[in-house]
Amino acid sequence: MPRVRGLAASPEGAVHVSVSAPAALPALAARATAIGGSPVRDILAVTARPEVINFAGGLPAPELFDSAGIAEAYAAVFRDESARALQYATTEGEPALRTALAARTTVRGVPTGPDDLMVTTGSQQGLSLLATALIEPGDTVLVEEPCYLAALQAFAFAGARVVSVPGDGDGLDPAALDELVARERPKLLYVVPNFQNPSGRTLPTARRAAVAEIAVRRGLWIVEDDPYGELRFEGERVPWIAAHPGAADRTALLGSFSKVMAPGLRLGWLRAPAALLRACAVAKQAADLHTPTVNQLAAARYLADRDLDAHVARVAAAYGERRDAMLAGLPDALPRGSVWNRPEGGMFLWVRLPDGHDTTALLPEVVRHDVAYVPGAPFYAGTPDPATLRLCFVTQTPAEIAEGLRRLGTALAAHHPA
Ligand code: PMP
């Protein structure tokens with residue numbers, strides 16, 4: 001038997017270990033330290049103070065959750081199928097929910113059966129499963145500029161080389177995409193087609209058709225992430241990229257109940273061609289076995305017994321009023337020469353202050369005035385535009401939005417760019 005140094009029996013018979021100089025632990029994985037905390041996160045931590053009007057978060061308006069309807073759906077599940085709801089289930093998800101999701105996807109232009117999709121723990125899990133299933137370290141991933149931050153993180157964890165596709169107020173530029181695909185030989189393109197996070201932009205039909213055509217012609221996976229598309233309060237719905245000829249068999253289409261039902265349910269889904277879906281299911285087994293059964297059954301019950309689309313229409317109408325409140329207050333709040341967009345749905349709008357402004361440097365002063373935004377810089381995979389920022393217009397009432405913008409105006413007026 002090996003001798004254990006410092007092991008001694010006390011008079012009571014208990015054994016003590018006296019450790020004088022513990023050896024250093026092995027290091028964390030490089031990816032765990034290379035990717036992570038940002039200084040902006042630390043500044044925004046203080047926005048949890050109740051007096052702060054926080055345009056920085058991406059939180060759906062909590063007073064618009066259908067808590068009564070969701071509570072009834074859970075009650076019905078516990079009344080009628082509690083044993084199933086509390087049991088382990090298959091990795092792909094509950095058949096009742098997958099059937100309902102497939103029907104909703106089909107109606108929206110992409111023919112889908114229950115076996116073509118799986119339920120995920122939020123669409124965020126869909127992103128990390130896809131990264132695991134598709135990306136080898138060093139593979140190139142193309143993203144929009146700017147891009148959803150936690151997608152950048154998921155791709156970075158997989159060891160991807162992330163390259164951004166130039167664009168304009170309508171989203172990515174297909175000609176630039178075509179050139180980059182030819183030059184960089186990327187594995188996939190990640191797109192948020194509707195009311196993008198962070199920019200609020202929507203990719204027009206012609207560009208979607210062009211993206212689909214490039215993916216077919218050059219050989220490319222498309223990850224089409226659409227958590228916001230249902231939240232349209234103006235204009236016409238634009239068909240998914242996956243609905244264009246040839247695109248469905250090379251697109252992973254991600255959906256989520258977070259913005260239309262409630263994010264705390266952690267329910268998303270992933271529609272993908274069979275081989276990719278199988279690979280994602282294996283990756284999901286390693287991640288969490290399956291998404292909570294009770295939440296899946298409650299969502300299926302909600303879809304069966306209620307009218308989700310009517311609920312979403314009410315939420316979208318309220319969000320439209322809130323966008324208008326923000327648009328009304330911005331001209332007085334922002335320095336002359338600032339520009340911003342007017343999204344027809346979703347939760348965010350995108351601002352560019354005049355040259356010389358640095359929204360990261362300005363943020364501590366803005367937060368001192370009890371209001372907050374997110375600087376644009378962290379959303380860029382390439383060179384950031386320091387004058388940009390994201391505003392979320394849905395979490396507060398119109399009156400609170402007006403007050404928040406007054407505070408923002410006061411904070412920014414005190415600043416004179418170099
Ligand atoms: N994709 C995008 C573009 C998002 O903005 C978000 C949430 N902010 C997600 C995915 C993840 O959403 P969830 O996991 O709640 O479905």
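I started with Lys-259: an N or O atom in its side chain sits 3.5 Å from a nitrogen atom of the ligand. I note here that the model is predicted. On its own the ligand has 400 Å² of accessible area, and the protein covers 90% of that.

Asp-225 puts a polar side-chain atom 2.6 Å from a ligand nitrogen atom. For Ser-123 I found a backbone N or O atom, 2.8 Å from an oxygen atom of the ligand.

I have 14 residues around the ligand, and Ser-123, Asp-225, Tyr-228, Ser-256 and Ser-258 come nearest. By class I get 5 nonpolar, 6 polar and 3 charged residues in this shell. Which helix gives the largest share of the shell? I find that α5, residues 122-134, does, with 3 residues.

The ligand takes up space that is the largest pocket. I note a volume of about 1,200 Å³ for this pocket. Its lining runs to 41 residues, and Arg-41, Tyr-148, Leu-149, Ala-150 and Gln-153 are the closest to the centre.

I also checked where the lining comes from. Helices α2 (39-45), α5 and α6 (149-157) each supply at least two residues. Of the elements, α6 gives the most, with 5 residues.

Conventions
Residues are numbered from 1 along each chain as its sequence is written. This is a predicted model: local features need pLDDT of at least 70, side-chain atom pairs count only at pLDDT 80 or more; totals for chains, interfaces and linings use all residues. Side-chain values use heavy atoms; hydrogens and water are left out. A residue is near a molecule or strand if one of its heavy atoms lies within 4 Å of it. A polar contact is a pair of N or O atoms within 3.5 Å; within protein, one must be able to donate a hydrogen and the other to accept it, and residues adjacent in sequence count only if both atoms are side-chain atoms. Accessible areas come from the Shrake-Rupley method with a 1.4 Å probe; for residues, only the protein chains shown count as cover. On a 1 Å grid over the protein atoms alone, a cavity is a set of points where a 1.4 Å probe fits but cannot get out, and a pocket is an open set with protein on both sides within 12 Å along at least five of seven lines; lining residues have an atom within 4 Å of a point. A molecule sits in a cavity or pocket if more than half of its atoms lie within 2 Å of its grid points. Helices (H or I, at least four residues) and strands (E, at least two) are DSSP runs, numbered from the N terminus. Ala, Val, Leu, Ile, Met, Phe, Trp, Tyr, Cys and Pro count as nonpolar, Asp, Glu, Lys and Arg as charged, and the others, Gly among them, as polar. Grid points are joined across faces, edges and corners, and a volume is the space filled by probe spheres set on the points.
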